[in-house]
2 protein chains.
Amino acid sequence: MTAEIISGTQIRKAILAELTEEVKQIKEKYGKPPGLVTILVGANPASISYVTLKVQTAESLGFHEIQDNQPDDISEADLLALIEKYNTDPDIHGILVQLPLPKHIDDKKVLNAINPDKDVDGFHPVNVGRLMIGGDEVLFPPCTPAGIQEMIVRSGTETSGAEVVVVGRSNIVGKPIAIMMAQKGVGANSTVTIVHTRTKDLASHCKRADILIVAAGVPNLVKPEWIKPGSTVIDVGVNRVGMNEATGKAILRGDVDYEKAAEIAGKITPVPGGVGPMTIAMLMKNTVRSAKIHLAR
Amino acid sequence: MTAEIISGTQIRKAILAELTEEVKQIKEKYGKPPGLVTILVGANPASISYVTLKVQTAESLGFHEIQDNQPDDISEADLLALIEKYNTDPDIHGILVQLPLPKHIDDKKVLNAINPDKDVDGFHPVNVGRLMIGGDEVLFPPCTPAGIQEMIVRSGTETSGAEVVVVGRSNIVGKPIAIMMAQKGVGANSTVTIVHTRTKDLASHCKRADILIVAAGVPNLVKPEWIKPGSTVIDVGVNRVGMNEATGKAILRGDVDYEKAAEIAGKITPVPGGVGPMTIAMLMKNTVRSAKIHLAR
């Protein structure tokens, strides 16, 4: 083991501490805290656990947090009306709708009904467009790519002129992080290559990477010999590869053969405890950003 | 000279012939043609010449075309009201506002006021977002990148798994064409690298390119020895490098050293007569697409 471990758990802690301070300042300045609503339809156990984590984190930061639970049989029209209520609520600065939604409801229609200026997930087409345009246009960078960029910057990795190779072209990770790293600005200005299932020589691209970002969802896809010595490796994959019989918990592996890669890379994120914990911190950061913008108006 | 020349002038002719046919079918089916309005504020000679070309092309295709000229001192509020009028006009499917606008008017505010479903230039953040999301979401791909992709496809160049290198990261060409070529789908599925002013070894990236797209705005930036033998070279640069004293016209050069590159490349676009003529054809194609969507509602 030679690589420095980039701990998402520790960086999250640092970010949440910074945000706690910012929330205090917002309360002092405007007399109210950032407001976040999490809308949960039905009782999917995984959804409940995600929403609970968001609510707990928001409350620990001092947000005004509403958990709005709706029954499984809520009509699409009623759900849209609920979103419209929060769109115009001056105490709410971020609106989250937990997915999946029941089958009788059109996900896209619901997500696109969120006021883009309160879309702290950053998935609304307006916010995707702002991200691509870049610079001052960007309002809410999507949380997982934003977390990746934050880890790269906080680990002290130079990005300007660096060769970044992004494995995977999803809307949630691959495409946005590729564009973000290629933009002008701090923590960016990189030469970026996007590789994917149709790429002919994955290995040769990975070998060029000063910063390798892997979001393919294939356990151990990236072999140790593909890692450039001294490079920074960000592993976004979270793959269940089995069950720990003693604890009853899933065994998680990333997309990179971690143990061997860590002997070659300069810096590497573990799985679990790497990119995963960052997402929620960036969601809170976007909500604080939104509150500042709304309250300053 | 060994390279096959990809003529934008000829491909434009073919596209306009196809669109003429489509306009006829639209008229037969819906009783009215595609409608396009070009809004020109003031009397900038270059703007007049661009608008005139758009109007002539639209009319030659059988569009319902309105050229709406407004005085230099129109207020921003009046211009916004004018756009709103066309946003709700059922006979208008495409709205173009010719830039630059006078200094007392906020460009961005005006362009963002156009109904995204009539934004045939594809510059509205919603359309930029839809482009990035990809697939069925895409409504109006921006005209220059769409023209580039059309030239690549119509020249018979294989894109799936091809190494595409895009030189330049502008919002008008570099970033959108990079994302378009990396997406899933026909004429795409490429491995894409975006290089720019901060890239360390431009030459080595260009040398890998099966398809090299250059949009840097620097005459002769790409040297002949950077061209991979047999590759397809798309030169988006239009640089004025002098004046022809006999004709009084500007001498135009691309970003690629054309004469020598044409001895190495498999296929190459000339300047002028390459990407330039494609843009207006794609604008017309977007307007026809918009008309079909609006009229089918």
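Start by selecting Asn220(B), which sits in the loop between strand 7 (211-214) and strand 8 (232-235) of chain B. This is a predicted model, and here Asn220(B) has a positive phi of about 55° although it is not a glycine. Its relative accessible area is 31%, so Asn220(B) is partly exposed. Now pick Asn220(A), in the loop between strand 7 (211-214) and strand 8 (232-235) of chain A. Its phi, near 55°, is also positive in a residue other than glycine, and Asn220(A) is partly exposed at 33% relative accessibility.

**Next stop: two cis peptide bonds**

Select Leu99(A) and Pro100(A) and look at the bond that joins them: the peptide is cis, with omega near 0°. Pro100(A) belongs to the loop between strand 4 (94-97) and helix 4 (107-113) of chain A. Then move to Leu99(B) and Pro100(B), where the peptide bond is cis with omega near -5°. You will find Pro100(B) in the loop between strand 4 (94-97) and helix 4 (107-113) of chain B.

**Where the chains meet**

Colour the two chains separately and turn to their interface. Here 34 residues of chain A are in contact with 34 residues of chain B. Together the chains bury about 3,000 Å², with 54% of that on carbon and sulfur atoms. On the chain A side, show Met132(A), Arg169(A) and Lys175(A), which lose the most area to chain B and make up 19% of what that side buries.

Between the two chains there are 27 residue pairs in polar contact. To see what chain A brings, select helix 5 (125-133), helix 7 (174-182), strand 6 (191-195) and helix 8 (202-208), each of which supplies at least two residues to the side touching chain B. Which of the elements of chain A gives the most to that side? Helix 5 does, with seven residues. By class, this side of chain A holds 12 nonpolar, 13 polar and nine charged residues.

Now show strand 6 of both chains: they run antiparallel and are joined by three bridges. Within this pairing, Val192(A) stands opposite Ile194(B).

Two salt bridges also cross the interface. For one of them, display Lys108(A) and Glu137(B), whose closest N and O atoms are 2.6 Å apart.

**Salt bridges within the chains**

- Show Glu150(A) and Arg154(A), whose side chains meet with N to O at 2.9 Å. They are four residues apart in helix 6 (residues 143-154) of chain A, so about one helical turn separates them. Glu150(A) is buried, at 15% relative accessible area, while Arg154(A) is partly exposed at 33%.
- Go on to Arg130(B) and Asp117(B), a salt bridge at 3.2 Å, N to O. Arg130(B) is in helix 5 (residues 125-133) of chain B and Asp117(B) in the loop between helix 4 and helix 5, so the pair ties together parts 13 residues apart in sequence. Arg130(B) is buried, with 17% relative accessible area, and Asp117(B) is buried with 18%.
- Finish with Arg208(B) and Glu163(B), which form a salt bridge at 2.8 Å, N to O. This pair links distant parts of the chain, 45 residues apart: Arg208(B) is in helix 8 (residues 202-208) and Glu163(B) in strand 5 (residues 163-167) of chain B. Glu163(B) counts as buried, at 12% relative accessibility.

Definitions and conventions
Residues numbered from 1 in each chain as written. Chains lettered and ligands numbered in written order. Predicted model: local features only at pLDDT ≥ 70, side-chain atom pairs only at ≥ 80, totals over all residues. Heavy atoms only, no water. Contact = heavy atoms within 4.5 Å. Buried area = accessible area lost by both parts, 1.4 Å probe. Salt bridge = Lys/Arg side-chain N within 4 Å of Asp/Glu carboxyl O. Polar contact = N/O pair within 3.5 Å; in protein donor to acceptor, adjacent residues only side chain to side chain. Nonpolar A, V, L, I, M, F, W, Y, C, P; charged D, E, K, R; others polar. Pairing = 2+ DSSP bridges. Buried < 20%, exposed > 50% of the residue type's maximum accessible area, 1.4 Å probe, protein only.
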